[in-house]
Amino acid sequence: MGSLPVVLRIIGNSWKPFKETYVCNRYGALRNPAFEPSRAFAAEAHIGNKLEYDLLWKQAQQDPIAFWEDAARNITWFSKWKKTLVWKEPYAQWFVGATTNAAYNCLDRHLKQGLGKKTAILWEGEDGSSTETSYESLFEQVCQLANALEHKMGLKAGDTAAIYMPLIPEAIVAMLACARIGVTHSVIFAGFSGNAIKDRVNDAESKVILTADVGYRRGQEVELLKTVDSVIDQMPSVSHVVVLRRKGTTLLGPKHLDWKDLLKDQSKNHFAQPFDAEHPLFLLYTSGTTGKPKGIVHSTGGYLVGVSATAKWIFDLKPNDRFWCTADIGWITGHSYVVYGLLAHATTIVLYEGAPMHPHPGRFWEIIDKHRVSILYTAPTAIRAFMRAGNEHLQKYQLSSLRLLGSVGEPINPEAWMWYHQEVGKSRCPIVDTWWQTETGCILISPLPGVIATKPGSATKPFLGIVADIVNEQGESCASNEGGYLVIKHPWPSMLRGIFKNPERYQESYWSRFPGMYFTGDGAHRDDKGYFWIKGRVDDVINVSGHRLGTMEVESALVSHPAVAEAAVVGKQDPVKGQALVAFVTPKLEQKIAVKALIQELKDHVVREIGRLPGPMRSS
Ligand code: WT7
């Protein structure tokens, strides 16, 4: 990238830059430009009137409970709540006494509205094959699996099931089937190792594992079933492993059940029972500052209210949208903005099972054109990787179906923001830079694309009803442009309900640093226009390619190797991944392996212990 500043003039498009001319070094804005929403976008947006929005925002800051009560209308309830919020720090209960069903909200109610034939999922395989699943077909598969889980495996509300699947429609079937019968699901990212599965399944005491024989990535098979089988004897709570056989693998294990066989004689109907709003919909394990991942607990009612309201207003969802969130369902982004937030609005979603650059660097753009994607939601790491690959890979594609772009997972540098805006969005599509966490359940800080002027690198303002602040060491609000800690000062419906079986860690991690405030673990500052600029983690958590890793977790993995005496892991700036891991390792004196071989051996060891996440490491 040339570093010589050039004057860039944005003309003839629907965006009005704050100042018409600004200086930037190619894509990197240096003078803090702001991009106002275009009139055309605002005219069509759910929230498109700035004055009305300002008023609504102020009201929602003063009375978040009233705002969320109103937002709860996006959800179909089987019975109404008696109290909107009961708050006994650090535990919140929202919509107390109300009942609902998450799968009903994502399926049944759409069928009742005559949307059964609408496409729910457009799935694209890495080899270019694709399938379409209608809402009706998704409903039927979910009912069949729900029936099988209840009648063949004896699962009931309150049990936990693990899902270890590739990014295919059946993974969503699995999530919704659990939700339908009140079984708390625990999705384990398909890149995790056998050890990671074992820890999560044992902590959650999952009774069933839903998996597939293989996934496909970079033209290779990912042996999911083999990985599960390698630790099956160490997971005593598991009674059945349901296997979707994609390539006809013979099932030999005593706990194995064939997915298709199981569904074959099940009814395509199932009565969705009401569950308490506070019933735990899912657990999702995420890294913290110790060696052991924490099981974040999410509710049903409050979670659905949070994800459906943010999906509708932040992505300005319309009935004809085709929404592609590139996250895997193994992460919170996949839970909230692939599955629950989107299916709750009967949106057509796109799923891609494969690597972003496979088999060529234009793969993303090809998929967008093929499926006429209108909203793309992806991570800065991916954006930077495409930027690096060169513009020639995009220029072959129209990208004319796109109308809105989103970014998530890590701070986006202004240079990548400008590239995304100009090359992908053709200076036509607003960008929503969305800040949130596994714990927050839904997006908490983001532009509303019809009313908030965006600035490259800023997630802009807290969402309606979110009381966010930046405080100093003493917990006092920081002045403009003063760096501090990002905190949330009022409960919100989709906040975590705790750490599974670990109330002390819950209290300690989020509620002890600043009494009365939820501590996010992020550093930030606010500019004089009230815009939030998130800097990233201030704890021992490293954000690699938009995914969270605790340094302690990797250190524990390293010291578990017989050749290692001591290990320390730190983050290092990386031009593509945001941060990369660097491990400093002291080998045991008696070890005889050559340094190079040891480095490779330790990299493999970390992959075996945790999974394919940490990526290549350098060491010294
Ligand atoms: C951490 C949460 C929920 C998204 C997927 C990651 C960082 C997330 C942004 C953003 C700056 C961001 C924070 C946060 N982060 N989005 N738009 N700008 N930083 O979820 O694994 O729970 O990680 O990701 O540091 O604390 P996660």
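# Reading contacts, strands and a helix

Modeller: Let's open with charges: salt bridges join Glu124, Arg363, Glu366 and Lys370 into a network. Keep in mind that we're looking at a predicted model.

Biologist: Okay, what's the general idea behind such pairs, and how many salt bridges does the count come to?

Modeller: Side chains of opposite charge can pair when their charged atoms come close. Here the count comes to 30 salt bridges.

Biologist: Give me one to click on. Which side chain does Glu205 meet in a salt bridge?

Modeller: That of Lys501, with N to O at 3.0 Å. The pair links distant parts of the chain, 296 residues apart. Glu205 sits in the loop between helix H7 (194-204) and strand S13 (208-212), while Lys501 is in the loop between strand S28 (498-499) and helix H16 (503-511).

Biologist: And how do I read their exposure? What are the relative accessibilities of Glu205 and Lys501?

Modeller: The idea is that buried means under 20% relative accessible area and exposed means over 50%, with partly exposed in between. Glu205 has 47%, so it counts as partly exposed. Lys501 comes out at 49%, so that residue is partly exposed as well.

Biologist: Now try Asp527 and Lys455. Are they buried or exposed?

Modeller: Both Asp527 and Lys455 are buried. They form a salt bridge too, and their closest N and O atoms are 3.0 Å apart. For contrast, look at Glu601 and Arg608, whose side chains meet in a salt bridge at 3.4 Å, N to O. Glu601 is partly exposed at 27%, and Arg608 is partly exposed at 46%.

Biologist: Over how many bridges do S29 and S30 pair?

Modeller: Five, in the antiparallel sense.

Biologist: What about helices? How far apart are the end C-alpha atoms of H5?

Modeller: They're 24 Å apart. Helix H5 covers residues 135-151, and at 1.5 Å a residue its 17 residues should span 24 Å, so the two values agree.

Biologist: Why would you call H5 largely enclosed by the rest of the structure?

Modeller: Because twelve of its 17 residues are buried. Among them are Tyr135, Leu138, Phe139, Val142 and Leu145. As a general idea, an α-helix has 3.6 residues a turn, so residues three or four places apart point the same way. In H5, the buried residues also include Cys143, Gln144, Ala146 and Asn147.

Biologist: Last one: a single residue. Where does Thr300 lie?

Modeller: Look in the loop between strand S20 (294-298) and helix H10 (301-314). With a relative accessible area of 4%, Thr300 is buried, because the cut-off is under 20%.

Biologist: Which backbone oxygen does the side chain of Thr300 reach?

Modeller: That of His279, at 2.6 Å. Leaving out residues up to four places away in sequence, Thr300 touches Thr100, Ala102, Asp276, Ala277, His279, Pro280 and Leu281.

Key:
Residues are numbered from 1 along each chain as its sequence is written. This is a predicted model: local features need pLDDT of at least 70, side-chain atom pairs count only at pLDDT 80 or more; totals for chains, interfaces and linings use all residues. Side-chain values use heavy atoms; hydrogens and water are left out. Helices (H or I, at least four residues) and strands (E, at least two) are DSSP runs, numbered from the N terminus. Buried means under 20% relative accessible area, exposed over 50%, partly exposed in between (1.4 Å probe, protein chains only). A polar contact is a pair of N or O atoms within 3.5 Å; within protein, one must be able to donate a hydrogen and the other to accept it, and residues adjacent in sequence count only if both atoms are side-chain atoms. Contact means heavy atoms within 4.5 Å. A salt bridge is a side-chain nitrogen of Lys or Arg within 4 Å of a carboxyl oxygen of Asp or Glu. Two strands pair if DSSP finds at least two bridges between them. The expected span of a helix is 1.5 Å times one less than its number of residues.
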